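Subject: Structure handover

Hello,

Here is the structure for your files. Please open it alongside this note. My findings follow below.

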Amino acid sequence: MKNFLILCLFFCVFAVNAQKVSVLSCEFVQNGFYPELNVDGTQMLLTSENYAGLSLFDLQQGSLIQLSQDAGAGYQPLFSADNSTVFFRSREIRNGYGYVSVKSCALSTGSIRVLLSPRRDVGRLVSYGNGVLFNQGNQLRKATFGKTAVPVPAFVSNENLDLVLYKDGKRTVLHPYAEELNYIWSSLSPDGQKILFNTKYGTAVCDLEGNILVELGHLNAPVWFNDNLVVGMYDVDDGHVITASCIAMVSLDGKLNQRLTDGAEIAMYPSVSAQSGKIAFNTLDGKIYVMTVAVE
């Protein structure tokens, strides 16, 4: 572990066209998979390798609390904007078909509430007012604690592996590439003006009309750090399993393409808290590290 930290620090002080990212620290914090940091980087959600169960790890106190044992609860959960609540999906099988419900957990009490009863084709959750937005089938839906006056923002999803934008009450299937492709890992930029996605050609960013703005190469599991920076993983596989992977940060303006880990560990599936400068990731064998970076 100590050698891994030293190698991270040695490897990651690097400049490209006068833009630099320094890794200030990189520490093992907990066993688990698929970490999700909250906005201020004080807490982190984690799960098992098959997404069963969901736990909360407090990075300041070093405490671990189990929130749910549900199947699928660890697949893309999220914190509310004020960090008071966690939203997650729960998966069950009925008559051979998968059904998903949407639940919330109040962190002050641990109380679980069902916001949406089990349905088919429930997509990724996105924070919205006092609840969440999600796509179900070909519709944009919301699950909230009562009414909310917050305007519905633009929303991006992958439906049947298409890239879909919901905006101003309209659903549009975007085609950044002319040919039919499978789109995954899609998300909207913090400013709501750009869409990050991945295809067989790698990761790219387009505008809300589907026009490609920049191609970022094969940076998998990409997430926005801010409106100009993206964090993801450069991974290699043998056709069956991942054999090597490192965490990297790239910029949309082309000034930065920097590996933040040196490959000594197979580092995968990053999550970020730009506010605190933290990036969490898990290794192939289920160890979660949290690094702190400074972007100059």
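One definition comes before the rest: buried means under 20% relative accessible area, exposed means over 50%, and partly exposed lies in between (1.4 Å probe, protein chains only). By that scale Lys20 is partly exposed, with a relative accessible area of 25%.

Two notes on the source. This is a predicted model, so local features need pLDDT of at least 70 and side-chain atom pairs count only at pLDDT 80 or more, while totals for chains, interfaces and linings use all residues. Residues are numbered from 1 along each chain as its sequence is written, and side-chain values use heavy atoms, with hydrogens and water left out.

Salt bridges

The whole structure holds 8 salt bridges. The term means a side-chain nitrogen of Lys or Arg within 4 Å of a carboxyl oxygen of Asp or Glu. Side chains of opposite charge can pair when their charged atoms come close.

Lys20 forms one of them with Glu296, at 3.5 Å from N to O. This pair links distant parts of the chain: Lys20 sits in strand 2, Glu296 in the segment after strand 27, and 276 residues separate them. Strands here (E, at least two residues) are DSSP runs, numbered from the N terminus. Glu296 is exposed, at 53% relative accessible area.

Asp70 and Lys103 form another, at 2.7 Å from N to O. This one also links distant parts of the chain, 33 residues apart: Asp70 is in the loop between strand 6 (63-68) and strand 7 (78-79), Lys103 in strand 9 (residues 97-106). Lys103 is buried, with a relative accessible area of 16%.

Lys167 and Asp168 also meet in a salt bridge, at 3.2 Å from N to O. Asp168 is exposed at 70% relative accessibility. Lys167 is partly exposed at 37%.

Nonpolar cores

A nonpolar core is a set of buried Ala, Val, Leu, Ile, Met, Phe, Trp, Tyr and Cys residues joined through side-chain atoms within 4.5 Å. The largest has 22 residues. Phe225, Ile247, Met249, Leu260, Ile279 and Met291 touch the most other members. Several strands each supply at least two residues of this core, among them strand 2 (19-31), strand 23 (242-251) and strand 27 (287-295). A second, separate core has 13 residues, including Ala154, Val156, Ile195 and Leu208.

Ile247 has contacts (heavy atoms within 4.5 Å). Beyond its neighbours within four places in sequence, its partners include Val231, Met233, Leu260, Ile279 and Phe281.

4 strands form an open sheet in the order 17-18-19-20, with antiparallel pairing. Two strands pair if DSSP finds at least two bridges between them. Strand 17 (184-188) and strand 20 (212-217) are the edges, each pairing on one side only. The twist averages 15° from one strand to the next. Strand 18 (residues 194-199) and strand 19 (residues 202-207) pair over 6 bridges. Phe197 has Ala204 of strand 19 as its bridge partner.

Ser157

Ser157 lies in strand 14 (residues 155-159). Ser157 is buried, at 4% relative accessible area. Its side chain makes a polar contact of 2.8 Å with the side chain of Glu159.

Best wishes

Conventions: A polar contact is a pair of N or O atoms within 3.5 Å; within protein, one must be able to donate a hydrogen and the other to accept it, and residues adjacent in sequence count only if both atoms are side-chain atoms. Axes are lines fitted to C-alpha atoms, for helices over the stretch in contact, and angles run from 0 to 180 degrees between N-to-C directions.
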